[in-house]
Amino acid sequence: MSTPQTDNAPGWYVDGRCLNCNLARQSAPGLIGYTPGGDYGGLSVVLRQPENDDEVRQLYLAAHACPTRSVHPPANDWAPGSDPYPLPLDEDGTVLLCGHASPKTYGAASYLLRRPDATAMMIDTPHWRPALARRYEERAGKITDVLLTHLDHVAHGRQYADAFGARLWIHEGDLHSRPDADSVIRGQDPVEIGPGVIAHPFPGHTAGSTVFVADDTFCFTGDAFFWSHSQQDLEVADSVVYDSITTLAASVARGAEELTFAWVLPGHGSYHHLPADEMRARMRALARRAATYPEQPVDYGKVRY
């Protein structure tokens, strides 16, 4: 396996500051891969140089998403207009990937959810830059709400909400991490926070973890569960649980019956699209697996996306 490259490497390279957040590997599969090491159990590394314009585009997707700016073009020469974000994920452009992840959220992905009335919601937040805030509203529409999935994705929430004039949401279980939130989700029952958008409390990863489901199609999961590229299935990060794996398994079991969605859109791990009935079957299977996972100390190095 290749090793992390340095600033004097020819061609595209990844430097050693990588957080192992998986964004680069998802953006450029086959071009950027995984190697063990670093402070977070693994590093991304360029496996081979691009051979056509589409592969160059994929590497720029990775570079402009990376929270530590560890993915570099040749000679660190960034092509004008190479930043594609926000990037539509579905055919209709209902969901946009924000890119520009923040190291303060450990490189979590964030999203824009466009609504039929030409407004939008932001789910978790990218790195804070006023110019990005302006770009997101130009592309997505007036942003009315910033939805925080849990306590370690709260960075920049207040800044973006204030820039948009939006409401900032969080569950009461994680309110201590963002006590300046404008709207607080309470209890364990689903709550409609906007037409077609339901907040489902989902404790386990943290006490206040919440998944947001839009139009029975798009499920924004934070760190509750994700699509695992290595396993080709839904999975939970059982080695990174701050509340209780038992509680998380119970949330997955409940979600398998309550949630209807075709897109899983996590903070960490891969996003993925499948028919809703297959997603439900996979959620049920995940609930059975998760019920067997033991409680264990937090260990980032064990996570395999």
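Trainee: What makes Leu87 and Tyr111 contacts of Val95?

Mentor: Contact means heavy atoms within 4.5 Å. Leaving aside neighbours within four places in sequence, Val95 is in contact with residues including Leu87, Tyr111, Leu113, Phe220 and Leu265. This is a predicted model, where local features need pLDDT of at least 70, side-chain atom pairs count only at pLDDT 80 or more, and totals for chains, interfaces and linings use all residues. Residues are numbered from 1 along each chain as its sequence is written, and side-chain values use heavy atoms, with hydrogens and water left out.

Trainee: Why is the set that holds Val95 called a nonpolar core?

Mentor: The name applies to buried Ala, Val, Leu, Ile, Met, Phe, Trp, Tyr and Cys residues joined through side-chain atoms within 4.5 Å, buried being under 20% relative accessible area with a 1.4 Å probe and protein chains only. The largest such core has 26 residues, and Val95 is among those with the most contacts inside it. Another core, of 25 residues, lies apart from it and includes Phe202 and Val264.

Trainee: How do you know on which side of helix 4 its buried residues lie?

Mentor: Helix 4 spans residues 157-164, and its buried residues are Gly157, Arg158, Tyr160, Ala161 and Phe164. They cover an arc of only 165° around the axis, and therefore lie on the same side of helix 4; the arc is that of the directions from the helix axis to the C-beta atoms. These buried residues pack against strand 8, helix 3, strand 9 and strand 10. Helices (H or I, at least four residues) and strands (E, at least two) are DSSP runs, numbered from the N terminus.

Notes: Buried < 20%, exposed > 50% of the residue type's maximum accessible area, 1.4 Å probe, protein only.
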